[in-house]
Amino acid sequence: MSSKIRIGIDTPDAWDAEWARWFERYSRGIPRLGMWLARAYATSDCELLELGAGSGRESRFLSRHTRSVTCVDFSAGAMEALRASNPPSNLRALTMDALNLEFPDRAFDLTFHKGFWSCFSDDVQIAQLFSEQLRVTRRSMLALVHNGANAPFHAMFQAKAETEKLYQVRFFKPDELLEIANDGLAKAGVRGSVRLHGFGGVDWMHHGLGSLLPARLQGSLAALAYRLRPLRVAESLVLEVTPEAAREGVTQSPPPDAREDLYP
Ligand SMILES: C[S@@+](CC[C@H](N)C(=O)[O-])C[C@H]1O[C@@H](n2cnc3c(N)ncnc32)[C@H](O)[C@@H]1O
């Protein structure tokens, strides 16, 4: 149990207030995750689910590259702002608690989130989030969390957390994530593959001259760069869980480069 970790923002009302401050700025940011996912995981016929979607920036990008995207967040303010921002017709924004998802089993091909588990200090809740995400996933589930193996990145957050609650988040170590996944699969009685990758930490392909490249090429370069750099400089750890039924060919598999095992 990691209850000593200080989480800055932890209720729907507090997140509503935070999104009132940050929504516009976040929405305008580069959808780095969306570009990478579109290249490495999502195919044109996928139904995607983003949990703790907040601004929905990544999902908005992905909606142009796949069949449908559902954003879920317990902040009604964020989901209202997303619906009011003229999203594509294949993107829906739902106010919902990710601890109790109102979807049938295996409703989505690919489910993902970024910076979401980092809002929870309680391992019992993380286990519940894992179990709910696994339940609604047909093909693969991804959890992107702040990388506890990246010491300078962690130290930067700790310094900023002194004055800004948004930075008071949990960082995860690789082994901790593997334990969450293996315990979660065992509890659900589901067999599956568990992999760790890294996301971010090298961003030249999205800035300067790189930003002039087509999004698809930026995503491909990111996929390549993330494979080559060590996990300890990644910004986020990516936990990828593929339940057994998916591997038996029920749905499409991601392309080979996404399946490389980068850890240890
Ligand atoms: C760090 S933010 C994620 C930001 C998002 N990835 C983005 O780029 O805009 C975490 C989000 O999780 C949401 N959240 C926290 N607890 C939740 C829960 N139990 N169910 C659903 N959403 C939750 C918060 O409202 C917040 O929008």
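In this predicted model, E50 sits opposite C71, a residue of strand β2. The two strands behind that pairing are β1 (residues 47–51) and β2 (residues 68–73), and they line up in the parallel sense, with five bridges between them. Getting from one to the other involves a helix: β1, helix α3 (residues 57–63) and β2 together form a β-α-β unit, and that unit is right-handed.

Strand β1 has another partner too. It runs parallel to strand β4 (residues 108–114), and three bridges join the pair.

Now for the helices. Two packed helices are described by the angle between their axes and the distance between the axes. Helix α1 (residues 12–28) packs with helix α4 (residues 76–84) at an angle of about 40 degrees, and their axes lie 7 Å apart. Angles under 35 degrees would count as roughly parallel, and 65 to 115 as roughly perpendicular, so α1 ends up oblique to α4. On the α1 side, the contact is made by P12, W15, D16, W19, A20 and F23, while α4 brings in A76, G77, A78 and A81. Sorted by class, this contact between α1 and α4 comes to eight nonpolar residues, one polar and one charged.

Terms used
Residues are numbered from 1 along each chain as its sequence is written. This is a predicted model: local features need pLDDT of at least 70, side-chain atom pairs count only at pLDDT 80 or more; totals for chains, interfaces and linings use all residues. A residue is buried if 20 or more other C-beta atoms lie within 10 Å of its own, exposed if 12 or fewer, and partly exposed in between; C-beta atoms are placed from the backbone. Helices (H or I, at least four residues) and strands (E, at least two) are DSSP runs, numbered from the N terminus. Two strands pair if DSSP finds at least two bridges between them. A crossover is right-handed if, with the strands pointing away from the viewer, the path from the first strand over the helix to the second runs clockwise. Axes are lines fitted to C-alpha atoms, for helices over the stretch in contact, and angles run from 0 to 180 degrees between N-to-C directions. Angles under 35 degrees count as roughly parallel, over 145 as roughly antiparallel, 65 to 115 as roughly perpendicular and the rest as oblique. Two residues are in contact if their C-beta atoms, placed from the backbone, lie within 7 Å. Ala, Val, Leu, Ile, Met, Phe, Trp, Tyr, Cys and Pro count as nonpolar, Asp, Glu, Lys and Arg as charged, and the others, Gly among them, as polar.
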